[in-house]
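Colleague: I'm new to this one and would like to learn how to read it. Could you walk me through how the pieces pack?

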Amino acid sequence: MSNEKVFSKDSYNFQLKSGVKPPLEFALDNYLTFACRHKFCREVCPVYQATGNEGYIPYGFHTSLLALYKGIAKFEELGEMFVNCLYCGACQIRCPNTLFMGDFYKVTLTTIDLVRKIRGDLAKSGVVYLGLEDAKKEVENHLSTVDNKDVMLKWTSDLNLQIGGKKDIVLYVSRFMATQDTKTARLCAKLLQKAGVDFAVMPTTYAGISEPFDIGREDLFVQLAKQDIDMLKEMEAKIVIITDPHDYFYFKRDYPKIFGDLPFDIVFITEFLWRLIEDGKLKPVNEIKKKVAFHDPCTLNKLTGHWESPRKIISNIPGIEFINENHIDQWYYCCGNGVSITLRKAKPKLAQEIGLKRLTRVNDLGVSTLVLACPHCWDHFTEIETKTGIRIELINVIELLAKSVGV
Ligand code: SF4
Ligand code: SF4
């Protein structure tokens, strides 16, 4: 078990159990400052929009903890409520307690911390809440894959990349993209090569999932992150380019909280590519005649405040007609996958409804193509299209740029 502290408040280090009263400070968390009654978190929550259930928003989560403290709710029942969260972060940027991810009053933790803790404590106590077994399978699959370097590096074949060794710039490709969205991983590398960037990739990456929290193994989350950070230090990386927005969230938000300041800069791939375009090293010259909208990944827009660089890239591709939806309007949407896959697996119809709402909105805009920046959005939207018959072309912004640049 790692000694690193995952939750920054002492009351979060108390393990909730059946029949044991939670600490008052924990039960009152948000109530202490804002009385937690105005429900700013409600309308913006994609789960609330689909269910209309106030038990599934932070207000409901906090109320259930108060009920637990007062002895009128049972610990075992918490899973029925706390499974209903995508970790999308919309509530966090609406709630005055956690405004703009800043823990504004330094007394509360975010919804994501809270949901991670409750799911984890349920799992540690042997409570099998809906979705727990799926989260465990996801972790098992991840662990067995990341140890297989042949599988993890298959996407690099014939690209002539430096694998491991010392390098200032490292392209970070974690398991999901390395195995499920190899097309985007390869195009990221090809675009960097085209621009003459001298970079390396890692021999494997161990981190890249948040499900360890959902199964009560935050120590595993820390351990996998540490393995990657140690490897990046060994490679003497100064800039780490992240290709999956979920990883960007972990590197920007979770890892510094756990390990302190990291000894390298973290840059999301679209930001890095945009700089190359600005410097004239990448030239999007080929016309692409499409009318497109852009879907903000929650992990970029809502959880790390990053929405500009994909829009700049799309806007600079000749021939594109870009219906540029305001990123704040997109706080209300999520593809339905979630940052961990637990809700999608536990309640697939609910997850589908949430994603379908976004695709329907795009359809209503009259565009033919939805540009994405996240392999998990692509995965879930593709599943929804297959199941429901709705048809909108899905394309990653990396592929769009690659077509225009000619790689
Ligand atoms: S916005 Fe924040 S303080 Fe208000 S009800 Fe929601 S969680 Fe509670
Ligand atoms: S993180 Fe997203 S899904 Fe979870 S409660 Fe907040 S708004 Fe709802």
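Colleague: At roughly what angle do the axes of α16 and α18 cross, and within what distance do they come?

Modeller: A word on the source first: this is a predicted model, in which local features need pLDDT of at least 70 and side-chain atom pairs count only at pLDDT 80 or more, while totals for chains, interfaces and linings use all residues. Residues are numbered from 1 along each chain as its sequence is written, chains are lettered from A and ligands numbered from 1 in the order in which they are written, and side-chain values use heavy atoms, leaving out hydrogens and water.
Helices (H or I, at least four residues) and strands (E, at least two) are DSSP runs, numbered from the N terminus. Axes are lines fitted to C-alpha atoms, for helices over the stretch in contact, and angles run from 0 to 180 degrees between N-to-C directions. Here the axes of α16 and α18 cross at roughly 45 degrees and come within 8 Å.

Colleague: Which word describes how α16 and α18 lie to each other?

Modeller: Angles under 35 degrees count as roughly parallel, over 145 as roughly antiparallel, 65 to 115 as roughly perpendicular and the rest as oblique. So α16 and α18 are oblique to each other.

Colleague: Which residues of α16 and α18 meet?

Modeller: Contact means heavy atoms within 4.5 Å. On the α16 side you'll find Thr270, Glu271, Leu273, Trp274 and Ile277, meeting Ser309, Pro310, Lys312 and Ile313 of α18. By class, that's five nonpolar, two polar and two charged residues; Ala, Val, Leu, Ile, Met, Phe, Trp, Tyr, Cys and Pro count as nonpolar, Asp, Glu, Lys and Arg as charged, and the others, Gly among them, as polar.

Colleague: How does α18 pack with α22?

Modeller: Helix α18 (residues 308–315) and helix α22 (residues 397–405) have axes 10 Å apart, at an angle of about 30 degrees. That makes α18 roughly parallel to α22.

Colleague: Which residues of α18 are buried, and what covers them?

Modeller: Buried means under 20% relative accessible area, exposed over 50%, partly exposed in between (1.4 Å probe, protein chains only). In α18, Ser309, Pro310, Arg311, Ile313 and Ile314 are buried. Their cover includes α16 (269–278), β6 (290–294), β7 (320–323), β8 (369–372) and α22.

Colleague: Which residues touch the most other members of the largest nonpolar core?

Modeller: In soluble globular proteins, nonpolar side chains tend to be buried together. A nonpolar core is a set of buried Ala, Val, Leu, Ile, Met, Phe, Trp, Tyr and Cys residues joined through side-chain atoms within 4.5 Å. The largest one here has 106 residues, and Trp155, Leu171 and Leu273 touch the most other members. Helix α14 (residues 218–234) gives the largest share, eight residues. Another core, of 19 residues, lies apart from it, with Cys41, Cys298, Leu343 and Leu350 among its members.

Colleague: Is isoleucine 266 buried or exposed?

Modeller: Buried, because its relative accessibility is 10%. Isoleucine 266 sits in strand β5 (residues 265–268). Leaving aside residues up to four places away in sequence, isoleucine 266 touches Val240, Ile242, Tyr248, Phe251 and Lys252.
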